[in-house]
Amino acid sequence: MGCRCGRAGDIARGHELLCSFCFVSQFEKRVKRALRQRELKKGERVLVVGELAAHLFKKFVHVPLDVTFSSVIKDGFDAVVTEWTLDDECVAFLEAFAAGRFEAQKHILMFQFVTDEDVMLYAKMNNLHFVLGDKSEHWQKFLSGFDLDMKYNLLRSAAELRKMSLQSR
């Protein structure tokens, strides 16, 4: 079976096979979407955490900003860009839902629309360092039964429930 572009597909994603060109294109499109979640304004102090996040931030963000690159989250910035994945967000939502507490999202989650597996593959393809975030084994095991569409639906539900919860306070 081939990729939707007609090339040989060798990367399985959900119900389709992608060639490396289409995989990279789809991955980068999802990263750009995540970066658009919060408009960065000229002159803002921005912290970008992680080597892969730094690489993509430099590639896609062209607003004149005061940018600091780091391997750890620090205080004192107008915005923080993190290497938080779709899987991280789903686990965090399930933990918050189980505990009955929701908090406003403070950071720009660069990989919120991309799975752990896809981030690892993209990093490997570009010889960049990426470390998966620690997650609860319980919730990670629960999520392992979800297909990609179910994870995206959970992400959308999490955003809506977080918004409703914060509005009712």
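E44 is buried, at a relative accessible area of 12% (buried being under 20% relative accessible area, exposed over 50% and partly exposed in between, with a 1.4 Å probe and protein chains only). The model is a predicted one, in which local features need pLDDT of at least 70 and side-chain atom pairs count only at pLDDT 80 or more, whereas totals for chains, interfaces and linings use all residues. Residues are numbered from 1 along each chain as its sequence is written, and side-chain values use heavy atoms, with hydrogens and water left out.

The pLDDT, the predictor's confidence in each residue from 0 to 100, averages 88 over the protein, and 96% of the residues score at least 70. Helices (H or I, at least four residues) and strands (E, at least two) are DSSP runs, numbered from the N terminus.

E44 is located in the loop between α1 (20-35) and β3 (45-49). Its side chain is joined to that of R38 by a polar contact of 2.7 Å; such a contact is a pair of N or O atoms within 3.5 Å, where within protein one must be able to donate a hydrogen and the other to accept it, and residues adjacent in sequence count only if both atoms are side-chain atoms. Neighbours within four places in sequence aside, E44 is in contact (heavy atoms within 4.5 Å) with R38, E39, L65, D66 and D78.

A8, in the segment before β1 (11-13), counts as exposed because its relative accessibility is 66%. Residues up to four places away in sequence not counted, A8 touches G2, C3 and C19.

Helix α2 (residues 51-60) packs with helix α4 (residues 116-125) at an angle of about 75°, the axes lying 11 Å apart. Axes are lines fitted to C-alpha atoms, for helices over the stretch in contact, and angles run from 0 to 180 degrees between N-to-C directions. The two helices α2 and α4 are therefore roughly perpendicular (65 to 115 degrees; under 35 is roughly parallel, over 145 roughly antiparallel and the rest oblique). L52, H55, L56 and K59 of α2 meet V119, Y122 and A123 of α4.

α1 and α2 pack at about 80°, also with axes 11 Å apart, and are therefore roughly perpendicular. In this contact, F27, E28, V31, K32 and L35 of α1 meet L56, F57, K59 and F60 of α2.
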